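Reader: Please take a close look at one part of this model, the place where the two chains meet. I would also like to hear about the charged pairs.

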Amino acid sequence: MTHSVSAKRVGSIATGRSGDKGDVLDLTIVAYNEKDYALLSRFLSVERVTDALARVAPSPVERHELPKLRALKFVAPRALPGGVQASLHAGLHWQKAAAALLLELPLPMEEQE
Amino acid sequence: MSNPPTTYVIGSGAGFAGDRIEPAVNMARSGTVDAIALECLAERTLIAALRNRQANAQTGYDPRLRRRLAPLLAATGKRCRVLSNLGAANPAAAARAVRKLAAEAGAGDLRVAGVVGDDLANRVGEIEWMEPTAGGEWIGAHAYLGIDPMVEALAAGADVVITGRVADSSLFAAAPVHAIGLEHAALAGALTLGHLLECSGQLSGGNLSEPGVPDLTPEEYARIGYPVGELQRDGSALIRLLDGEPGRINVAGCTLQLLYEVHDPRAYITPDAVLDFSGIEFEQTGPNRVRMTGARALARPERLKVIGFLARRGLVADIEIAFAGTGALARARNAAEILRLRLTREMNESDLRIDLVGVNSVLGAASLPLAAEPPELRVHVSARCDDAQIAQMVEDEVYTLTISGPAACGSVRSERRPRIESITGFIPRERVPTHIEWGHE
């Protein structure tokens, strides 16, 4: 099967959700089959996710692989200093949309075969 | 004595304080659930409740108590148990209010238990805090209680259990654990199911967009059904919707919710057990029906988590001003730069956030590029201020743009928030005694 040359993003092959507890931001990405889980496991490295987050909420990132669930879990322990209440964002809870930081990442063409 | 049941059906009636009322009422009317748990206590809600209690010692529970429970208790009566943390900062007063409300609602003579003991405001010095707490004023401190006091209340015949701060997974697990027993796998299954159910619609199709699949329609979202879990004695569970209710329960959604707000999926700490989610498997067994197996529990933690709220000096001023029409984006950017120039003369740039609502206020520098000029947008400013005078100065600088800034701006809105930080701590569990206060006493 050939893919179109238009850029695919992580969100074309996976779903995601973000949450917070205290000053910790967490992001989950779930793939729909083994092949895409393997692809995302390669692509969403700690370095790449740290870079994606750095533009918004600089923090070290921990990564957990959950192959049985075809899920990747990223935890950024210092992304929300002081917790949600201390945020300067309009409406405070911007992190409910933070999964977009990963879902919007374009997949490299060689990974789209 | 008869054998305990082999299946227990627990419904998710609410996932936060402001959640919809009717999903739980529909669940109760269906007559197919044994208990409904309603998670109604976020950090923000608890802080508001603590402030209310400070003003009036008889308050401090969720102000939506009547709106939420009058229709629900009228539908449940004694047929279906109800558990909720809407007691917030005053579960004993809430239990008395619920007891009175149940009689008025025609629900009968309900036994309403208030679980007391999570409030550690007078003992902050005994808690091992994970961050420095000097220089702030304590608003409150609450331990996350586990299932034990709720199971005790149910064993004493409670129809309704009202708590303050308890772990969300424990709030949903208490009734099935009481009914089925405390076997190891069943406890792990009950807590894992509780963790899944505690965000209501987020398990049944809310906050879920999937590649290649249309979102639910507005009509479906508007009356989305909340999930119920059928827990088996072996700790496995079926997650499903009530017959005929719109929503989406699938493997991807269950997986997202399993890992939601979890930091170590192999060691998710609840007051009752450390859970290992890495062996969980979900299987779609029918439309809007997913079976969960593989729940595992490790040891019970020796310490309870505590959440403390510290008021820092000063406040946050939060103001927006709108621009519309041709060139709105350029004028808004101009205004944002004016504000930066003006405000950094008075305060540190690190205490300021200036962005454009409609462009980059949520994801900042990672926002998608603009595809076209927006017809309108808002400049947003938030500033940490040492006192009200400085907050007034920030507000005035934004208003002044309407006269001395780019053309055609207006629709200013502003708010002031106290500066509150949430601090995590721990305390040995034996140092947190609990007791029941009955609504009729």
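Author: Contact here means heavy atoms within 4.5 Å. On that definition, 54 residues of chain B are in contact with 44 residues of chain A. The model is predicted, so local features need pLDDT of at least 70 and side-chain atom pairs count only at pLDDT 80 or more, while totals for chains, interfaces and linings use all residues. Residues are numbered from 1 along each chain as its sequence is written, chains are lettered from A and ligands numbered from 1 in the order in which they are written, and side-chain values use heavy atoms, with hydrogens and water left out.

Between chain B and chain A the buried area is about 4000 Å², with 58% given by carbon and sulfur atoms. Buried area is the accessible area (1.4 Å probe) that two parts lose on being put together, summed over both. There are 21 residue pairs in polar contact between chain B and chain A, both residues at pLDDT 80 or more. A polar contact is a pair of N or O atoms within 3.5 Å; within protein, one must be able to donate a hydrogen and the other to accept it, and residues adjacent in sequence count only if both atoms are side-chain atoms.

On the side of chain B that touches chain A, the elements that each supply at least two residues are α2 (43-55), α9 (251-259), β12 (281-286), β15 (303-324), β16 (352-357), β17 (376-385) and β18 (409-428). The largest share, seven residues, comes from α9(B). Helices (H or I, at least four residues) and strands (E, at least two) are DSSP runs, numbered from the N terminus. By class, this side of chain B has 23 nonpolar, 15 polar and 16 charged residues. Ala, Val, Leu, Ile, Met, Phe, Trp, Tyr, Cys and Pro count as nonpolar, Asp, Glu, Lys and Arg as charged, and the others, Gly among them, as polar.

Now the charged pairs. A salt bridge is a side-chain nitrogen of Lys or Arg within 4 Å of a carboxyl oxygen of Asp or Glu. The count between chain B and chain A is one salt bridge, and the side chains that meet in a salt bridge there are those of A:Lys68 and B:Glu281 (3.6 Å, N to O). Over all chains the structure holds 33 salt bridges. Within chain B, a network of salt bridges links B:Asp318, B:Glu320, B:Arg378, B:Arg413, B:Glu415 and B:Arg417.
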